[in-house]
Amino acid sequence: MNWLVPLGFLGLLGLLALLLIYLIKPNFQKKSVSSTYVWKLSFRFQKKRNPITRVQDILLLICQILAIVALAFIMAQPVLEAFRPAAVTQKVCVLDGSVSMLAQTDGETRFERAAGQIRTLARQVTQEGGEISVILAGEDAEYVSVRTTADTLDELSAALEELCASPAASCTYGSADIDGAMELAEQVLAQTPLADVMFYTSKEYIDDGGVEVVNVSDPSEYNVAILNAEPLLVENYYTFSVDVASYGRDADLTVYCQVYGLNGVENAEELYSVRVWLDGDTPQNVLFNAETTGGTAIFAYESAYIYVRAEDSLGYDNQFYLYGGTKETVRIQYASSVPNIFFRAGIMSLRESLRSRWNIEYVEVNTQYREAATSGFDFYIFESVSLPTLPTDGVVMLVNPLSVPDSSGIRLENYVRSGNMYLSRGEDHPITEGVDASKIFVSEYAGMTLSDDFTTLLTAVRGEPVLGVRNDEDTKLVVMAFEVQNSDITLLLEFPRIFFQTFEYFFPSTITQYNFEVGESVSLNARAPELKVSGQGTQLTLTQFPATIRLSAYGTYTLTQTLFTGRDVVENFYVKIPNSESDFATPVEALTAPYVEPVPENEDYDLLIWLAGALVLLLFAEWAFNRHSI
Amino acid sequence: MSYLNDEFFSRLETLALNLRADLAGFFGGKHLVKTYGQTVEFADYREYMLGDDIRRIDWNLYSRFERFYIKLFTDERQMHVRVFLDCSASMGKESPKKGAYAVATAAALGFLAIHNTDKVSFKLMKGERCEDPFGIMFGKRTFFDVVRRLEGVPFEGDTDLGAAVTGCADIGSSDGLAVIISDFFTDSDWKKAVDYLLYKKQQVLLVQVLSPEEIDPLYVGRVHLMDAESEDLADPRNMRLRITRGMQQAYEDALKYLIGEVGSYCRMRGADFISVRCDTPIEKMLFEELLKVGIME
């Protein structure tokens, strides 16, 4: 509580006046009367006194004293001061831990520079009796220190020292979690709402949202970066498209491309280069094609290493790897006693649609003329044929089998059902996803019984299986109990869907692209029970698919899986740092500032009204006591 | 302050005291009594007895009944009105108006008696004594002389009504009206006085005179009440008290109780009682209050 007019307390002198009045005031006023006889008699008629009346003189005096005090308080104009946080210096420092902070000049990174400035600031603030909190915005935001004072300054210094010991380990290779850091800052600001929030970064912000942005970049810093590279398949030949830029300085640069496993020749490698002039912080596109490779057309490659030689400030974006240039071959055999166009068209369509991922080789066998192979293929389709043994090195699809080995788990019954029937859906399965079984009309199918290893996908009228799938570790089998001639399935979308989804189910792509950015998540699939992920400090063995991993470091990652045939499949993908981190020049639109509960200003609470009310009440009480005492 | 003037007395000439008929009184006067006398006003017949004056035989009745009857006539007596005036300080020291009102009441009653050829005597009660400085008055001239002197009577000291009345030498017996004029603010036994007068077969009238201040005391707060009859500050009749609203209510109740007690005692004993405020016009007191109790006609 504060008093705007302390002189108003002179009103308390009224207490002296009250005392004087009580001293001067005669206790009993002399009054001559004819007789006191009736007064004495009246004692007999006096009602029992209220207990309050015994102390009402005291209460009256108290009321008068309080009224004078209230009056003095009113004159002094009391106010309740609104909450104002302590006037000590409060700082909340957010240290950007993004990869761009690893840019260095003269051996000192931006991160170290920022940490040094924070250390200096912390010393100043704590010497003035203030507090400083430090938040590191790395891959995730975390507190380095919370409200450090002079007593705990050593701990903060040690923590900053530890961060600077290995800046690369302290920072992320991607973009920092600035939003998370600001949320942590909010928590500090909830306790110290007047604290200044300072953001130590290398970026410029058009709208800093009220945050004091401390740019720790050095004017001499520049960055040459390969922002992106991708293989473009044009008329079955690859063109490597590379986006390269130089931020902060114009550069006459040579972009190199080292291609390994060129055109399917093992250990063959070629180095190509293209010179480019980079200015205005504008990315330039460089193409490696027949024109720039001296007429060499690239139709296959194992990997391509693209790089620039530059003594720039940030070296993490000076190289790039391209993978996926060699497609894996899948061999499909379609064997039928009566080959039909539907399977043939399905396989052709499959080959065309998946040509960017798979190199599908197709062999068709008419079993009336020659025997179908039972090895050497990845995918076998047997239609209306008898099979004494099942292939063991690939996925087998049996259509209207005439006989099957017992080991298949299929027992063919001795009956054939015919009539006009629509199918029903069995268990939910990726193969029949989106398939409307009730649209499929079948006029005849062979009775069969599937073992428990099978999943029934489609059933006939009596619940008899007409489509089943078995996916064991050593047996990959799909069986269909009717000929396509005895159904309208080939006229429906359901046939290519089932066919395509069967292929996708057994031959899933491990990854759908070969280039990622740090911070992205990648979804992985595998044909084998296990998939090993290695690279950049990551060693993982995945068994549940699809699996998702978060990419936290730049560089090449290797995926290894051993198929049930025993063949190892190795694939690579490359993770680059985000382009926004490579860009030293373009300012960021807006910084998400922490929300601070606005501190009310000039909201001192005036107590006059309450005191006035109290005074009125006291005067009323005094009047009431006075009246009661008469 | 004086109420006593010619105009006042001239208005009283139309009134007369209505005294009881069983009083004996004295020969002469104008008050009809139960006994038969020598007036010209017929009262009754009675059969002739030896010794009766034969001149009073009604011969008309004899012609009709052949028996002798004599006429009886009412008797008129002279009464003695004794006015006992409380001369204590409470009657007039602090409130001269109250004293004057009491004197005026005494004078009015005395005038009514004189005007009806009754005898009047004023008894001044002081302490335990009852003084009779004016003696018995018969005529108006004497009465007016006495009234003038009566106005100068001082109100002082205290009065023991019981002792004063019972100690009074000239009380008489069944010969008239005894009026006690007082405020009855006394610890003395006023009932004894009433009983004594009734014992003497007097018609008794008690007149309580109160001042407006006594009926509605206006003072409040802490008050040191000085009794007019007190001798000094240490007199136990003086009292200190804080007069509150409750106290005022108690005073009102006590006064009502006192008036009621006097009134009920008088009704019980066959005496008359009126209580008047001294700011009430005295004519109103005479024409209303006394007419109401029947002592006036």
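Q: What pLDDT does chain A average?
A: Chain A averages 88, and 96% of its residues score at least 70. pLDDT is the predictor's confidence in each residue, from 0 to 100. This is a predicted model: local features need pLDDT of at least 70, side-chain atom pairs count only at pLDDT 80 or more, and totals for chains, interfaces and linings use all residues. Residues are numbered from 1 along each chain as its sequence is written, while chains are lettered from A and ligands numbered from 1 in the order in which they are written.

Q: Where does β37(A) sit in its sheet?
A: The open sheet has three strands in the order β1-β3-β37 of chain A, with antiparallel pairing. β1 (2-3) and β37 (605-606) stand at the edges with a single partner strand each, so one side of each has no neighbour in the sheet.

Q: How many bridges join β3 to β37(A)?
A: Two bridges join β3 (residues 78-80) of chain A to β37(A). Strands pair if DSSP finds at least two bridges between them. A:Leu80 stands opposite A:Tyr605.

Q: Switching to the contact. How many residues does it take from each chain?
A: It takes 36 residues from chain B and 22 residues from chain A. Residues are in contact if their C-beta atoms, placed from the backbone, lie within 7 Å.

Q: Which element gives the largest share on the chain B side?
A: α8(B), with 10 residues.

Q: Now α8(A). Which residues are buried?
A: A:Phe343, A:Gly346, A:Ile347 and A:Leu350 are buried. Buried means 20 or more other C-beta atoms within 10 Å of the residue's own, exposed means 12 or fewer, and partly exposed is in between; C-beta atoms are placed from the backbone.

Q: Why are they on the same side of α8(A)?
A: Because they cover an arc of only 95° around the axis. The arc is that of the directions from the helix axis to the C-beta atoms.

Q: And which residues are exposed on the other side?
A: A:Ile341 and A:Glu352.

Q: What do the buried ones pack against?
A: β19 (328-336), β20 (358-366), β21 (379-383) and α9 (494-506) of chain A.

Conventions. Contact = placed C-beta atoms within 7 Å. Helix = DSSP H or I, 4+ residues; strand = E, 2+ residues; numbered from the N terminus.
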